[in-house]
Amino acid sequence: MKWSEIAIHTTNEAVEPISNILHEAGASGVVIEDPFELEKEREDHFGEIYQLNPDDYPEEGVIIKAYLPVNSFLGETVEEIKEAINGLILHNIDIGKNTVTISEVNEEEWATAWKKYYHPVKISEKFTIVPTWEEYTPVHSDELIIELDPGMAFGTGTHPTTVMCIQALERTVKQGDHVVDVGTGSGVLSIAAGLLGAEKIQALDLDEVAVNSARINIKLNKVHDRATVSQNNLLDGITGPVDVVVANILAEVILRFTDDAARIVKQNGYFITSGIILQKKQEVKEAMITSGFEIVETIQMEDWVAFIAKRI
Ligand SMILES: C[S@@+](CC[C@H](N)C(=O)[O-])C[C@H]1O[C@@H](n2cnc3c(N)ncnc32)[C@H](O)[C@@H]1O
């Protein structure tokens, strides 16, 4: 197995929560490199102060290093880690410079290294995800194919949180629906909504890389005549009424816009949420109910939960 090293420059205060995030993301060998501790250790050992190479260590703070397996989820895992670390700010934790670097395989190799592990995969009753560089002949005549090259954006389509969203879309989207996709990443959920017959799709993401990736993939799958892609924070400025809002984002982020979703989803319309780790299930569920939704289905894959909720 090939491994990729992730190094995060942060503060002493953030060491514990970031180490937990890395462990939860499946990272191995989490190590903390505090330049001052290291210097002290060397001094104790050699009886003199060793000069650290300033290129190797930051002036202040701590570097946390961990190793991630290079597989088809690598890009997504790194995105999840970055999002979870940014989420610490909401808990008033100082994350310092928060620079994240990936090495072992260099950046360029990393961007494509996972491609050899990413092949066509049937992810639900109707949908098969096919990487753009693979040849694929549908097995059934009614199979729906999503062609994807997520590049550096989250969304190979095979991550459990995405799979649950696609399954939920299959059960809720009807011909002619208006669907809003919050945190579109590669555009995979907007494409799925389009292939299920949605007539108007709004794909939104805060990240410019995701916006570009979604535009390319949405066009590739020929749903661009019904879809718009915009750089947008959550549902800011989006007006309803809409039939379905789908969001595969971390629980902390979902909690920030359940009221906004209730504002735009029409009565008996749906709010699909995913990306919720098991520990946050109850908190998100209660927030959705308080905002005016009824949970009609809970889906779980591994440690991830998704909800299908109906606007009362
Ligand atoms: C877990 S990925 C989901 C990608 C894709 N929808 C999927 O299901 O595979 C979450 C996405 O949400 C985006 N995001 C995070 N915070 C956001 C915000 N405040 N507003 C809009 N998008 C956001 C990230 O850039 C990322 O592309």
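The chain of the predicted model folds into ten helices and 14 strands. Of its 312 residues, 39% are buried.

The largest nonpolar core holds 74 residues, and the members that touch the most others are L169, A192, V245 and I272. Residues of this core come from both domain 1 (3-114) and domain 2 (118-311), so the core lies between the two domains. V245 gives a handy view of the packing: beyond its neighbours within four places in sequence, V245 is in contact with V180, V182, A261, I264, V265 and F271.

Turning to the record, an unreviewed UniProt entry carries the annotation "binding site" at T162, G183, D205 and N248. T162 sits in helix α5, which spans residues 160-172, while N248 belongs to strand β11, residues 242-248. T162 counts as buried because 26 other C-beta atoms lie within 10 Å, against a cut-off of 20 or more. N248 is likewise buried, with 29 other C-beta atoms within 10 Å.

With neighbours within four places in sequence set aside, N248 is in contact with T161, T162, C165, G183, L189, S274 and G275.

How values were computed:
Residues are numbered from 1 along each chain as its sequence is written. This is a predicted model: local features need pLDDT of at least 70, side-chain atom pairs count only at pLDDT 80 or more; totals for chains, interfaces and linings use all residues. A nonpolar core is a set of buried Ala, Val, Leu, Ile, Met, Phe, Trp, Tyr and Cys residues joined through C-beta atoms within 7 Å. A residue is buried if 20 or more other C-beta atoms lie within 10 Å of its own, exposed if 12 or fewer, and partly exposed in between; C-beta atoms are placed from the backbone. Domain bounds come from an automatic or database domain assignment. Two residues are in contact if their C-beta atoms, placed from the backbone, lie within 7 Å. UniProt positions are given in the numbering used here, feature names are shortened, and annotations may be inferred rather than shown by experiment. Helices (H or I, at least four residues) and strands (E, at least two) are DSSP runs, numbered from the N terminus.
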